[in-house]
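Thanks for coming, everyone. I'll take one structure and walk through it piece by piece. Have a look at it first.

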Amino acid sequence: MSEPSPEDELEQRRRIARQFIEVIPHARALGMRLDQLSAEGAEISLPWREDLVGDPRSGVIHGGVISALMDTCSGAAVMAHPTGARSTATIDLRIDYMRAATPGQTIRAKASCYHITRSVAFVRAWAMDDDESRPVASATGAFTVER
């Protein structure tokens with residue numbers, strides 16, 4: 001029996017990461033969509049919806065929704081890392097909010113796993129709306145690595 005090719009291994013990591021997102025009820029309820037997944041990281045989008053607004057007067061999405069998006073995207077980046085984590089959980093996630101997201105615009109999170117040890121993965125993430133030159137938030141986090 002031959003060893004799986006690197007492409008086969010990447011596709012398996014993508015499948016595992018997609019399933020990881022799909023089984024999280026909160027991610028499904030918020031409407032998160034996995035847009036991109038590679039060994040370099042993940043990108044997940046979240047369309048603006050009125051029921052996700054934190055301030056009805058301004059129409060700005062609640063910060064907790066952005067936090068959940070960045071946390072989920074970071075976990076997906078860990079799952080897609082070439083070391084092949086089978087599961088992960090957040091140990092620590094620091095989020096710096098830089099500005100309010102523009103009402104009506106889709107929010108996208110991008111995350112990359114930049115360092116991994118035997119049991120801990122380190123991730124950087126950003127959330128943005130249509131103006132990618134001005135992030136809505138940035139995050140750094142540590143995640144468990146289960147093999």
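**Salt bridges, helices and core**

K110 is partly exposed, at 29% relative accessibility. Here buried means under 20% relative accessible area, exposed means over 50%, and partly exposed is in between, with a 1.4 Å probe and protein chains only.

A word on the source. This is a predicted model, where local features need pLDDT of at least 70, side-chain atom pairs count only at pLDDT 80 or more, and totals for chains, interfaces and linings use all residues. Residues are numbered from 1 along each chain as its sequence is written, and side-chain values use heavy atoms, leaving out hydrogens and water.

Back to K110. It forms a salt bridge with E132, and the closest N and O atoms are 3.8 Å apart. K110 sits in strand 6 and E132 in the loop between strand 7 and strand 8, so this pair ties together parts 22 residues apart in sequence. By salt bridge I mean a side-chain nitrogen of Lys or Arg within 4 Å of a carboxyl oxygen of Asp or Glu. Helices (H or I, at least four residues) and strands (E, at least two) are DSSP runs, numbered from the N terminus.

E132 also pairs with R108, with the closest N and O atoms 2.9 Å apart. R108 lies in strand 6 too, so that pair ties together parts 24 residues apart in sequence. R108 is buried, at 14%. E132 is partly exposed, at 44%.

Which residues are linked in a network of salt bridges? E43, R108, K110 and E132. E43 lies in strand 2. It counts as buried, at 13% relative accessibility. Leaving aside neighbours within four places in sequence, the contacts of E43 (heavy atoms within 4.5 Å) include R33, D35, C73, R108 and K110.

How many salt bridges does this rule give? Eight. One more is worth a look. D129 pairs with R99, the closest N and O atoms being 2.6 Å apart. D129 is in the loop between strand 7 and strand 8, and R99 in the loop between strand 5 (90-97) and strand 6, so the pair ties together parts 30 residues apart in sequence. Buried or exposed, D129? Buried, at 0%. R99 is buried as well, at 16%.

Now the nonpolar core. That is a set of buried Ala, Val, Leu, Ile, Met, Phe, Trp, Tyr and Cys residues joined through side-chain atoms within 4.5 Å. The largest one has 41 residues, and M32, I66, M70 and V78 have the most contacts inside it. Elements giving it two or more residues include helix 1, strand 2, strand 6 and strand 7. Helix 3 gives the largest share, eleven residues.

Last, helix 1, residues 6-22. Its buried residues are L10, R13, I16, A17, F20 and I21. They sit on the same side of helix 1, because they cover an arc of only 135° around the axis. That arc is taken from the directions from the helix axis to the C-beta atoms. What covers them? Helix 2 (25-30), strand 1 (33-38), strand 2 (41-46) and helix 3 (63-80) are among the elements that do.
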